[in-house]
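Colleague: I am new to this structure and would like to be taken through it step by step. Could we look at the sequence and the model together before I ask my questions?

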Amino acid sequence: MSELLKELDKDPRSRGTVAEKVKLYNDCNRKVAILCNHKRTVGAAHEQQMQKLGDRIKGLRYQKWRTKMMILDIDPSQKKKKGAKFFEMDSDIDDEWIKEHQQFLVEELRTKITKKFEKENEKLKANKEKVMPEKQLKERLADVKELEAKFKKENKTKKVEAEGKGPSVEKFMAAIEKLDDRVRTLELQAEDRDGNKEVALGTSKINYIDPRLTVVFSKKFDVPIEKFFSKTLRDK
């Protein structure tokens with residue numbers, strides 16, 4: 001591991017985001033684990049976890065496409081300026097997946113509203129105050145029907161109306177940039193998780209790598225130490 005650390009300055013990831021640096025550290029750790037034969041069997045839930053992570057990434061890319069379409073809603077001339085390809089949907093996202101994802105978002109919103117309502121009522125009840133009637137929950141759930149109607153219209157027209165206060169091309173481009181960062185972070189996590197499916201990184205990191213080397217990496221490349229060690233291990 002110490003020899004690998006000496007070579008890290010040459011790796012462009014050492015000057016990248018925190019997520020890229022964590023991935024770089026784990027790649028080095030993985031080499032140690034493989035050399036020490038720290039193998040493990042692939043977990044039963046691995047494939048399901050990877051599928052879930054993949055759907056999260058696709059969800060962000062779908063959100064990015066919707067944001068791009070909002071740009072066209074407020075300024076159609078952007079299609080000529082940026083080129084039609086910029087506004088195309090990713091090839092691996094088809095209509096069937098979109099409808100499934102939209103339904104997921106609808107149910108997610110329904111659950112969020114319902115749980116918030118129930119939590120507020122529990123607090124009122126605990127304070128011996130009058131709880132809110134079910135009618136109020138139904139009124140709040142109108143947002144769910146509104147979202148369903150919005151998706152239905154988008155699927156039919158293939159257009160997305162601009163959202164938010166004071167929408168502008170600049171704001172939407174900034175939002176797209178943030179979504180790109182989130183996608184890249186999740187993609188790195190997915191690569192890391194898949195690379196670790198048959199390697200026990202924890203064994204090499206805790207028992208075979210001098211923790212001082214991890215601290216050196218953390219300080220040298222400005223990565224929070226909690227990215228590598230849990231609070232229990234840090235306290236030790």
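This is a predicted model: local features need pLDDT of at least 70, side-chain atom pairs count only at pLDDT 80 or more; totals for chains, interfaces and linings use all residues.

Modeller: Residues are numbered from 1 along each chain as its sequence is written, and side-chain values use heavy atoms, with hydrogens and water left out.

Colleague: How many helices does the protein have?

Modeller: Helices (H or I, at least four residues) and strands (E, at least two) are DSSP runs, numbered from the N terminus. The pattern along the sequence is α-α-α-α-α-α-α-α-α-α-α. The protein has zero strands, and its helices number eleven.

Colleague: Which feature does UniProt place at residues 134–189?

Modeller: Over residues 134–189 the chain is 79% helix and 0% strand, with the end C-alpha atoms 42 Å apart. UniProt positions are given in the numbering used here, with feature names shortened, and annotations may be inferred rather than shown by experiment. The unreviewed UniProt entry names the feature "coiled-coil region".

Colleague: What is the radius of gyration of the protein?

Modeller: The C-alpha atoms fill a box of roughly 60 × 60 × 35 Å along the principal axes. The radius of gyration is taken over C-alpha atoms, and the globule rule is 2.2 Å times the number of residues to the power 0.38. For a compact globule of 236 residues the radius would be near 18 Å, whereas the protein has 23 Å.

Colleague: What share of the residues of the protein counts as buried?

Modeller: Buried means under 20% relative accessible area, exposed over 50%, and partly exposed in between (1.4 Å probe, protein chains only). Of the 236 residues, the share that counts as buried is 35%.

Colleague: Is K128 buried or exposed?

Modeller: K128 sits in the loop between α5 (95–126) and α6 (134–140), and it has a positive phi of about 60° although it is not a glycine. With a relative accessible area of 79%, K128 is exposed.

Colleague: What is the relative accessible area of K158?

Modeller: K158 lies in the loop between α7 (142–157) and α8 (169–195). K158 has a positive phi of about 60° although it is not a glycine. K158 is partly exposed, and its relative accessible area is 46%.
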